[in-house]
Amino acid sequence: MATTSRRKKGDSGKLEEYRRKRDFSKTAEPSGEVVPPESGRLRFVIQKHAATRLHFDLRLELDGVMKSWAVPKGPSSDPSVKRLAMEVEDHPIDYNTFEGTIPKGEYGGGTVMLWDHGTYIAENTSVEESEEAVRRGYAKGDLKVTFFGERMRGSWVLVRMKQRRDEKSTKPQWLFIKHRDEFVSTDEMVSDDD
Ligand code: MN
């Protein structure tokens with residue numbers, strides 16, 4: 001089968017951390033599988049997650065999983081604002097449609113709501129070369145992307161911050177920043193009632 005042959009060896013390990021953190025007999029979240037990417041149309045999603053601390057989960061499709069960041073304050077369309085984005089474990093693509101309440105006491109306990117979804121591409125590349133460019137940008141810690149969502153429009157960058165030596169065992173922190181384009185605005189994107 002063509003779809004099977006496109007699947008890379010070792011993909012099954014990608015969601016190991018995601019699965020380890022969850023008890024699927026208690027949470028309705030998907031246990032997921034690694035899905036081979038389709039022709040450069042990469043999906044993104046942002047979920048509003050009212051966990052112990054409210055945050056927004058930014059997820060970008062790459063190599064069959066959703067690369068994920070917790071953004072405590074959510075995105076800002078103001079280029080002078082740098083929003084902290086804490087990298088977390090890869091999530092399954094099935095998670096993109098997940099909404100619901102994770103039971104209290106379980107990992108990430110609280111309500112998850114879909115805040116925005118759509119597609120994205122790497123900046124200054126063709127759709128065909130986009131995934132390779134995203135892979136390179138992610139590895140380099142300088143990921144420039146353009147969003148095609150309802151709320152997320154235009155170009156943004158994720159910049160990985162340097163880790164101190166004693167932080168090497170934890171996942172890196174990034175900054176999520178709007179680039180200047182016609183979608184810039186100083187209006188808050190995130191409000192209490194959405
Ligand atoms: Mn979360």
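Visitor: Which side chain meets that of Glu 89 in a salt bridge?

Guide: In this predicted model, the side chain of Glu 89 meets that of Lys 21, with N to O at 3.4 Å. The pair links distant parts of the chain, since Glu 89 belongs to strand β4 while Lys 21 sits in the loop between α2 (16-20) and β1, 68 residues apart.

Visitor: Which residues are linked with Glu 89 and Lys 21 in a network of salt bridges?

Guide: The network joins Glu 17, Arg 22, Glu 29 and Lys 171 to Lys 21 and Glu 89. For the model as a whole, the count comes to 17 salt bridges. One of them is formed by Asp 181 with Lys 178, whose closest N and O atoms are 2.9 Å apart; here Lys 178 is buried, at a relative accessible area of 1%, whereas Asp 181 is partly exposed, at 23%. In another salt bridge the side chains of Lys 26 and Asp 23 meet at 3.7 Å, N to O, and Asp 23 is partly exposed, with a relative accessible area of 30%.

Visitor: Let us turn to the metal site. Which protein atoms are the donors of the manganese ion?

Guide: The donors are ND1 of His 49, NE2 of His 55 and two entries for OD of Asp 57, lying 2.2 to 2.8 Å from the ion. Along the chain, the donors follow the spacing H-x5-H-x1-D.

Visitor: How buried are the histidines His 49 and His 55?

Guide: Both count as buried: the relative accessible area is 7% for His 49 and 15% for His 55.

Visitor: How should I read the nonpolar core, and which residues have the most contacts inside the largest one?

Guide: The general idea is that in soluble globular proteins nonpolar side chains tend to be buried together. In this case the largest nonpolar core has 26 residues, and those with the most contacts inside it are Leu 58, Leu 60, Trp 69, Phe 147, Met 152 and Leu 158. At least two residues of this core come from each of β1 (42-50), β2 (54-62), β3 (65-71), β6 (110-122), α3 (127-140), β7 (142-148), β8 (153-160) and β9 (173-178), and β2 gives the most, with 4 residues.

Visitor: What does Phe 147 touch, if residues up to four places away in sequence are not counted?

Guide: With those residues not counted, Phe 147 touches Phe 44, Leu 58, Leu 60, Thr 119, Tyr 120, Met 152, Arg 153, Gly 154, Trp 156 and Phe 176.

Visitor: Where is Ser 130 placed, and what is in contact with it beyond its neighbours within four places in sequence?

Guide: Ser 130 belongs to helix α3 and counts as buried, at 0% relative accessibility. Beyond those neighbours, Ser 130 is in contact with Leu 42, Ile 121, Ala 122 and Thr 125.

Visitor: Which residues make the nonpolar surface patch of about 200 Å²?

Guide: That patch is made by Leu 84, Met 86 and Met 161. Met 86 is found in strand β4 (residues 82-91) and is partly exposed, with a relative accessible area of 31%, so that residue passes the requirement of over 30% for belonging to a patch.

Visitor: Finally, the backbone: what is phi of Asp 63, and what is phi of Asn 124?

Guide: Phi of Asp 63 is near 50°, a positive value in a residue other than glycine, and Asn 124, which is not a glycine either, has a positive phi of about 55°. Asp 63 lies in the loop between β2 and β3 and counts as buried, at 12% relative accessibility. Asn 124, by contrast, is placed in the loop between β6 and α3 and counts as exposed, at 77% relative accessibility.

Key. Residues numbered from 1 in each chain as written. Predicted model: local features only at pLDDT ≥ 70, side-chain atom pairs only at ≥ 80, totals over all residues. Heavy atoms only, no water. Core = buried A, V, L, I, M, F, W, Y, C linked by side-chain atoms within 4.5 Å. Buried < 20%, exposed > 50% of the residue type's maximum accessible area, 1.4 Å probe, protein only. Contact = heavy atoms within 4.5 Å. Donors = N, O, S within 2.8 Å, 3.2 Å for Na, K, Ca; no water. Patch = residues over 30% accessible without salt bridge, like charges linked within 9 Å, V, L, I, M, F, W, Y side chains within 5 Å. Areas by Shrake-Rupley, 256 points an atom, 1.4 Å probe, with all protein chains shown as cover. Salt bridge = Lys/Arg side-chain N within 4 Å of Asp/Glu carboxyl O.
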